[in-house]
Amino acid sequence: MKHTVNFKEQLALLAIALVFAGLFSANAQTIGLLKYQGGGDWYANPTALPNLIQYSNTTIGTALDVRPETVVVGSAELYKYPFLHMTGHGNIVLSEAEANNLRTYLLAGGFLHIDDNYGMAPYLEKEFPKIFPDKELIEIGADHPIFKEPHPFPEGLPKIHEHDGKRPQALGFFHEGRLLLLFTYESDLGDGWEDTEVHNDPEEIRLKALQMGANILYYAFNN
């Protein structure tokens with residue numbers, strides 16, 4: 001069923017967009033870690049986001065709070081966070097109200113990065129249509145700005161962990177030319193962001209993961 005935005009929803013989106021404008025212009029922002037229902041481990045990779053935030057603050061001049069905050073997908077608190085991160089291995093279930101809340105957040109100017117920690121994709125396939133019944137998930141080419149600055153990735157999304165050995169894919173939903181939901185698949189950036197001793201990744205691989213994460217933050221806060 002196609003979802004259309006009525007006048008009342010347009011006013012709500014405008015009001016939320018003004019809130020986001022204030023958040024983006026503030027001296028510091030906080031990243032929200034999305035908590036969802038269904039039994040999947042939304043809390044996976046506990047050292048990943050703090051490490052990415054520290055790297056981003058140090059190398060590209062962001063002013064992010066070093067401590068991300070957990071936010072429930074259906075909560076009004078969602079709108080406090082211009083950038084949301086979501087990860088895990090297992091099942092995800094969104095109610096209609098939660099899907100509507102997330103859609104409104106994204107259309108109003110929010111950004112969601114979903115990083116498949118291995119095993120999320122089958123569950124997301126059935127939940128994505130709830131969020132955007134009238135949009136298609138599109139593969140993002142290596143020529144997209146998210147792969148160009150501040151760190152160049154001429155071949156697109158880097159491969160961090162092998163898992164099934166498939167090629168890494170960056171997939172997304174767009175609205176009026178803006179990427180508002182990024183799904184990174186068969187890459188596992190979050191594992192590369194974790195403390196070195198967690199996965200014992202070579203420094204070169206870990207650096208690629210952190211640089212790509214910084215690119216995602218840079219894009220989200222500048223587009």
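**Figure 1. Glu139 and its bridge partner in the predicted model.** This is a predicted model. Glu139 has Leu171 as its bridge partner, and Leu171 sits in β6. Strand β6 covers residues 169-175. Strands β5 and β6 are joined by 2 bridges. The two strands run antiparallel.

**Figure 2. Glu98, a buried acidic side chain.** Glu98 belongs to helix α3, which spans residues 96-107. Glu98 is buried, yet it has no salt bridge. The nearest side chain of opposite charge is that of Lys130, 7.6 Å away. A salt bridge needs a side-chain nitrogen of Lys or Arg within 4 Å of a carboxyl oxygen of Asp or Glu. What does Glu98 touch, leaving aside neighbours within four places in sequence? Its contacts are Gln37, Val73, Gly74 and Val93.

**Figure 3. The chain as a whole.** The chain holds 7 helices and 7 strands. Along the sequence they follow the pattern α-β-α-β-β-α-β-α-β-β-β-α-α-α. Of the 223 residues, 49% are buried. The chain exposes about 10500 Å², and carbon and sulfur atoms supply 54% of that area. Consider the contacts with a separation of 6 or more: 77% of them link residues 24 or more positions apart.

Key. Residues numbered from 1 in each chain as written. Predicted model: local features only at pLDDT ≥ 70, side-chain atom pairs only at ≥ 80, totals over all residues. Heavy atoms only, no water. Helix = DSSP H or I, 4+ residues; strand = E, 2+ residues; numbered from the N terminus. Buried < 20%, exposed > 50% of the residue type's maximum accessible area, 1.4 Å probe, protein only. Lys, Arg positive; Asp, Glu negative; His and termini not counted. Contact = heavy atoms within 4.5 Å. Areas by Shrake-Rupley, 256 points an atom, 1.4 Å probe, with all protein chains shown as cover. Pairing = 2+ DSSP bridges.
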